[in-house]
2 protein chains.
Amino acid sequence: MTAPRPPVLPVVQFRSQAGTIDLGWGHPHPAALPMDAWAEATHSALRRYGAAALTYGHAAGPGPLIEWLCERLAGVDAGAPEPDQVFVTAGASHALDLVASVLCRPGDVVLVDSPTYHLALRVVADHRVDTVPAPADEDGIDPAATAGLIRAITRQGRRVAMLYLVPTFNNPTGRSLPAQRRAALLAVAARTGVPVVEDDTYRELAYPAPAPASLFSGAEPGTVVRIGSFAKSVAPGLRLGWLTGARPLVAAVTARGYVDSGGGVNHAVALAMAEFAASGAYRRHVEAIRIRYRRQRDALVAAVRDELPQARFVVPGGGWFLWLRLPHPYGGTDLLPYAEAAGVSYVPGRQFFVADTGHRHLRLSYSMCDPETLAEGVRRLAGAYREAGLSSRSTPLPG
Amino acid sequence: MTAPRPPVLPVVQFRSQAGTIDLGWGHPHPAALPMDAWAEATHSALRRYGAAALTYGHAAGPGPLIEWLCERLAGVDAGAPEPDQVFVTAGASHALDLVASVLCRPGDVVLVDSPTYHLALRVVADHRVDTVPAPADEDGIDPAATAGLIRAITRQGRRVAMLYLVPTFNNPTGRSLPAQRRAALLAVAARTGVPVVEDDTYRELAYPAPAPASLFSGAEPGTVVRIGSFAKSVAPGLRLGWLTGARPLVAAVTARGYVDSGGGVNHAVALAMAEFAASGAYRRHVEAIRIRYRRQRDALVAAVRDELPQARFVVPGGGWFLWLRLPHPYGGTDLLPYAEAAGVSYVPGRQFFVADTGHRHLRLSYSMCDPETLAEGVRRLAGAYREAGLSSRSTPLPG
């Protein structure tokens with residue numbers, strides 16, 4: 001008799017709870033994935049490139065994708081790199097990991113926007129650095145105060161390895177850093193020598209396009225590393241993204257042993273993406289999902305205005321997220337069990353801060369659900385909020 | 001006027017020199033890539049899994065591929081892991097990088113077989129460790145002497161983080177570690193607590209199958225991490241491989257920030273591979289390439305016997321490489337310019353050693369060329385060897 005095998009492993013990351021409306025995960029709507037066009041692109045790449053589609057690729061990524069990407073970036077703002085400034089990654093998180101592996105040494109300090117993409121905090125932590133929130137307010141990072149913090153850290157004899165932020169349609173806030181602060185932040189980077197890592201994952205999801213100009217487009221050469229992804233604009237399961245920066249940094253990433261010896265990190269998929277782009281499918285797809293996600297954003301915003309008039313928020317100009325603050329002390333963190341009992345889920349705001357704060361905030365994602373489901377989710381959330389306010393079991397938290 | 005753009009970037013890693021026969025690169029024969037079957041597998045995955053094929057995947061890799069892999073490994077030797085002991089990677093080099101990121105700390109010592117896969121040395125070096133060759137002779141690593149070396153290093157207060165080797169159809173030697181040494185090496189690992197990283201990339205390319213039993217199959221739990229790849233058995237451009245080991249190690253790899261936040265590293269391709277496997281295409285393809293590469297091996301061996309009778313070698317039982325030693329002092333390192341002038345290329349043996357040795361060795365790859373081309377390449381090499389021996393410009397090197 002052999003021991004029973006463990007249960008069958010899942011196929012995907014997200015598994016919905018029966019009966020729960022999930023406003024937590026930042027995953028695409030299943031109907032917004034380009035199934036047929038992607039099937040055609042993979043076939044097309046195999047036809048066009050033959051054996052070259054399945055053998056070892058150019059380590060930085062295949063030329064046709066990189067060249068198209070440079071043209072695309074030139075079309076959306078002035079932030080077009082030269083082809084030899086681009087490296088194709090397995091997504092934006094992988095790009096951040098690679099950049100950190102080059103820029104960070106154990107014991108360094110990494111500054112991050114606050115709040116910021118919570119999983120970036122985990123990627124950075126793998127590099128044995130101390131993650132410190134940069135001073136920020138509701139408009140985003142505060143450049144002058146950040147310069148002061150860099151000076152203070154440096155005076156203590158510590159090295160600030162990099163500053164990470166999502167300046168355009170920030171995750172979780174949906175907000176974009178104002179133009180004046182962008183310019184001031186670039187001046188700080190140039191003056192202090194601390195590289196800025198600009199996570200530009202949400203650029204294509206602008207309602208309406210175009211998104212604000214990238215930091216990269218206004219930067220002195222070598223001060224900004226920009227990372228991007230096809231996870232939101234096309235499909236996350238492809239595991240495809242990119243980074244662009246100064247040539248020495250791109251060369252150092254390309255020289256990582258596993259990259260160079262393996263011939264890049266996602267060659268066959270990258271060539272299929274080059275076909276997807278060249279055929280016009282990319283442009284059509286992005287236009288279609290802008291309409292879809294804008295409609296979903298509008299539905300969520302309307303529902304919150306109707307059902308949760310107490311909530312403070314700014315309508316996001318792009319991306320997948322709505323960032324709420326609820327005045328009641330049981331706003332974000334302590335509300336979750338009530339929400340889950342009512343059949344709706346979200347991500348507590350606390351998770352997007354390095355410090356123990358944000359307890360009255362919550363992030364709602366409008367990416368996965370149709371407008372009607374979003375509305376029903378907010379009704380349930382509003383009910384949970386009333387219930388939490390009446391309950392004597394809750395303990396108020398600061399923030 | 002704008003500056004001219006840099007030249008168009010290449011698609012693939014290997015670019016042949018016009019007129020040169022390349023016996024250097026360990027790349028597949030272009031005709032041995034499963035173009036049609038792979039196109040069908042990608043289509044099939046999109047049909048079967050729908051949106052689940054393109055959204056965020058299970059972080060360790062999709063269940064269907066992992067479960068098939070466990071069955072396949074059970075069929076080739078006793079080294080079958082449980083599904084929760086497997087992690088799907090972007091190739092074997094990426095697997096080694098991930099394992100090193102968990103096992104190594106800066107300043108540790110990593111032991112490696114000698115000679116060994118030269119690009120593994122680069123992957124390991126990225127982790128800021130000292131790479132030290134384990135004692136070895138023509139049969140491969142010497143377990144007793146390795147145990148002594150581990151003791152000596154440990155007595156100096158340093159930590160040996162892991163021991164890396166390719167025990168089956170080693171790159172570059174093509175040889176497999178004898179059974180008795182395998183058992184002794186496993187005993188050393190169990191006694192010293194130094195994990196063995198078994199690079200099992202070439203297992204499927206056995207002439208004839210089956211390959212020797214894996215180290216993993218005979219190991220005490222937790223002492224061996226096994227890594228593998230679909231680069232040789234199917235196609236390198238897919239960037240797909242795997243690792244299997246103790247659950248805590250697999251959990252630590254899976255918890256890497258960029259892996260967990262991205263939903264695995266190569267989800268869509270992994271699901272297509274699951275279809276490729278389930279349809280029988282994998283089994284058929286491996287059987288076909290075994291016949292091809294065995295024929296190419298035989299052609300290279302016959303040509304060397306005819307044209308370079310001075311060369312010492314052992315006929316490899318699998319893999320892609322023939323490891324030669326030439327008696328003349330201008331054997332491997334100094335022969336290369338003569339060979340290239342004669343229109344043939346190879347990898348000098350020196351590159352596979354940590355120490356400055358192996359200068360009379362050379363690695364010939366029989367993977368990329370047809371039998372007739374292999375024979376012509378060896379004729380050119382033999383001519384270059386005669387030429388080098390006559391030349392007075394060469395300076396003999398030791399080893």
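In which handedness of crossing does H5(B) pass H6(B)? The crossing is right-handed (the near helix is turned clockwise from the far one by less than a right angle). Helices here are DSSP runs of H or I with at least four residues, and strands are E runs of at least two, numbered from the N terminus.

The model is predicted, with local features needing pLDDT of at least 70 and side-chain atom pairs counting only at pLDDT 80 or more, while totals for chains, interfaces and linings use all residues. Residues are numbered from 1 along each chain as its sequence is written, and side-chain values use heavy atoms, without hydrogens and water.

The axes of H5 (residues 143-155) and H6 (residues 179-192) of chain B come within 9 Å and cross at roughly 20° (lines fitted to C-alpha atoms over the stretch in contact, with angles from 0 to 180 degrees between N-to-C directions). H5(B) and H6(B) are therefore roughly parallel, a term for angles under 35 degrees. Contact, meaning heavy atoms within 4.5 Å, involves B:Pro143, B:Ala147 and B:Ile150 of H5(B), and residues of H6(B) including B:Leu185 and B:Val188.

A pocket is an open set of points on a 1 Å grid over the protein atoms alone where a 1.4 Å probe fits, with protein on both sides within 12 Å along at least five of seven lines; lining residues have an atom within 4 Å of a point. The largest pocket has 39 lining residues, with A:Trp25 and A:His118 among those nearest its centre.

Methods
Chains lettered and ligands numbered in written order. Parallel < 35°, antiparallel > 145°, perpendicular 65-115°, else oblique.
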